[in-house]
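Here are my notes for your first look at this structure. Keep the sequence beside you and find each residue as you read.

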Amino acid sequence: AWADAALAGRPMLQSLVVGGAINGVGGVVIFLPQILILFLFVAILEDSGYMARAAFLMDKVFSWTGLNGKSFVPMLSSFACAVPAILATRTIEDPKARLSTILVSPLMSCSARQPIYALMIGAFIEPKYGVLWAGAAMVAMKFLGLVAAIPIAFIINRFILKLRPLPFILEMPPYRMPQARSGFRRRFLSGREFVVRAGTVIFAFSIVIWALSYFPHPASLAAEVEKSLPAATSEADRERAVESAYLEQSLMGRFGKTVQPVFAPAGFDWKTTVAVLAAFPAREVLVSTLGILFATGEGEDVALKSKMSEAKWPDGRPVFTPVVAAAIMVFFAFCLQCGSTVAVTARETGWKWAGFAFVYMTALAWVGAVATYQVGIRIAG
């Protein structure tokens, strides 16, 4: 709010600082508390001796895929954030086993996916099917990536990396009381690593996405939009309508309309496609982008749900249905839409494997979304 007011006289700089840098980095850093909470419990499990025993038990689950129990800790950490999880794979001695774990860890449903699930389930699942089905949908989405990761790890290890079965040797530590000092240090180091990644990689991606969604920015467009609005329209609604129009005619908006036919089999319209493209650096950007496209503003969850529910195709069909909402959630459950994860993967394994992870997860996400929509509309009749 301070930056927005201080730069009010310089619209482009205001948009760059507030919409690009602050919102881009802030949208990721906001998940730091959840990450620290998860690592608190991971530290407790490790210091007390229970984590080693969990890894021993999970070795039986992972062994047929070519992995062993040491992959359990990074995959568990990925439910908070894949960035520290990928760093945690350094404890895996075998290079191929470590690489395989890195390639499947981002499939775990991290906290950045939570706002998307909450929006889609709250807007289209709960109103029609009730609270129980809404809760079941949330649980299903949280575990979908884990269910898919196991067979994918088998395919990667068997046919791509050709990883031989590894013996699992683990020293079983004694039970003991967790130490506050070591737990605090672990959380501090993990949190610092996450913030550094958000402050560098995500910052760079945010500036690129801002530029694509800002330019071109003709001054005449605002005047045209304001003329088309009723005289009784409030100042806030006028600003949102203008912002939505600028995003629609931006490079990002035009590109979204161009590639929309690719996402049409999944039931996505051009606005959803633009939001999906804008969310590639960070998944949670989807919600704020939809807020701009539907001219509701940030944080106005009820208004966004209402406008999404009212959106229609040219033939009068609703754009968003429970089936479309499920397809969107499946896409985000599988897709590697996280710039910091891609960058850390590249640093740990090289850009070739980072590119491989991005391509295979994007393809998997598209196939999953299309299958969900096509099967769903046939079941729904």
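This is a predicted model: local features need pLDDT of at least 70, side-chain atom pairs count only at pLDDT 80 or more; totals for chains, interfaces and linings use all residues.

1. **Salt bridges.** How many salt bridges does the structure hold? There are 7. One of them joins the side chains of E93 and K70, with N to O at 2.8 Å. This pair links distant parts of the chain. E93 sits in the loop between α6 (82-88) and α7, while K70 sits in the loop between α4 (50-62) and α5 (72-77). The two are 23 residues apart. E93 counts as exposed, at 59% relative accessibility.

2. **A buried pair.** E348 and R98 also meet in a salt bridge, at 2.3 Å from N to O. E348 belongs to helix α18 (residues 339-349) and R98 to helix α7, 250 residues apart. Are these two buried or exposed? Both E348 and R98 are buried.

3. **Helix α12.** This helix covers residues 235-249, 15 residues in total. From first C-alpha to last, α12 reaches 22 Å, close to the 21 Å expected at 1.5 Å a residue. Its buried residues include R238, V242, Y246 and L247. R240 is buried too. R240 forms a salt bridge with D237, the closest N and O atoms lying 3.2 Å apart. The two are 3 residues apart in α12, so about one helical turn separates them. D237 is partly exposed, with a relative accessible area of 36%. Elsewhere, salt bridges with shared partners join R90, R98, R347 and E348 into one network.

4. **D269, a charge without a bridge.** D269 is found in the loop between α13 (251-263) and α14 (270-278). D269 is buried yet has no salt bridge. Which side chain of opposite charge is nearest? That is K271, 6.3 Å away. A salt bridge needs the atoms within 4 Å. D269 does have a polar partner: its side chain and that of T272 are joined by a contact of 2.6 Å. Beyond four places in sequence, D269 is in contact with Q260, W313 and V319.

5. **Helix α14.** Of the 9 residues of α14, 7 are buried, so the helix is largely enclosed by the rest of the structure. Among the buried ones are T272, V274 and L277.

6. **Nonpolar cores.** The largest nonpolar core has 89 residues. M120, F268, L286, L290, M308, F320 and F331 touch the most other members. Helix α17 (residues 322-334) gives the largest share of this core, 11 residues. Apart from this core lies another, of 7 residues, including V225 and Y246. Back in the largest core, look at L290. Leaving out residues up to four places away in sequence, L290 touches L119, M120, K271, A275, L304 and M308.

7. **T101.** This residue is found in helix α7 (residues 95-104). T101 counts as buried, at 0% relative accessibility.

8. **Backbone details.** The peptide bond from F215 to P216 is cis, with omega near -10 degrees. P216 lies in the loop between α10 (180-214) and α11 (219-228). K162 has phi near 50 degrees, a positive value in a residue other than glycine. K162 is in the loop between α9 (131-160) and α10. K162 is exposed, with a relative accessible area of 63%.

Note on methods: Residues are numbered from 1 along each chain as its sequence is written. Side-chain values use heavy atoms; hydrogens and water are left out. Helices (H or I, at least four residues) and strands (E, at least two) are DSSP runs, numbered from the N terminus. Buried means under 20% relative accessible area, exposed over 50%, partly exposed in between (1.4 Å probe, protein chains only). Lys and Arg count as positive and Asp and Glu as negative; His and the chain ends are not counted. A polar contact is a pair of N or O atoms within 3.5 Å; within protein, one must be able to donate a hydrogen and the other to accept it, and residues adjacent in sequence count only if both atoms are side-chain atoms. Contact means heavy atoms within 4.5 Å. A nonpolar core is a set of buried Ala, Val, Leu, Ile, Met, Phe, Trp, Tyr and Cys residues joined through side-chain atoms within 4.5 Å. The expected span of a helix is 1.5 Å times one less than its number of residues.
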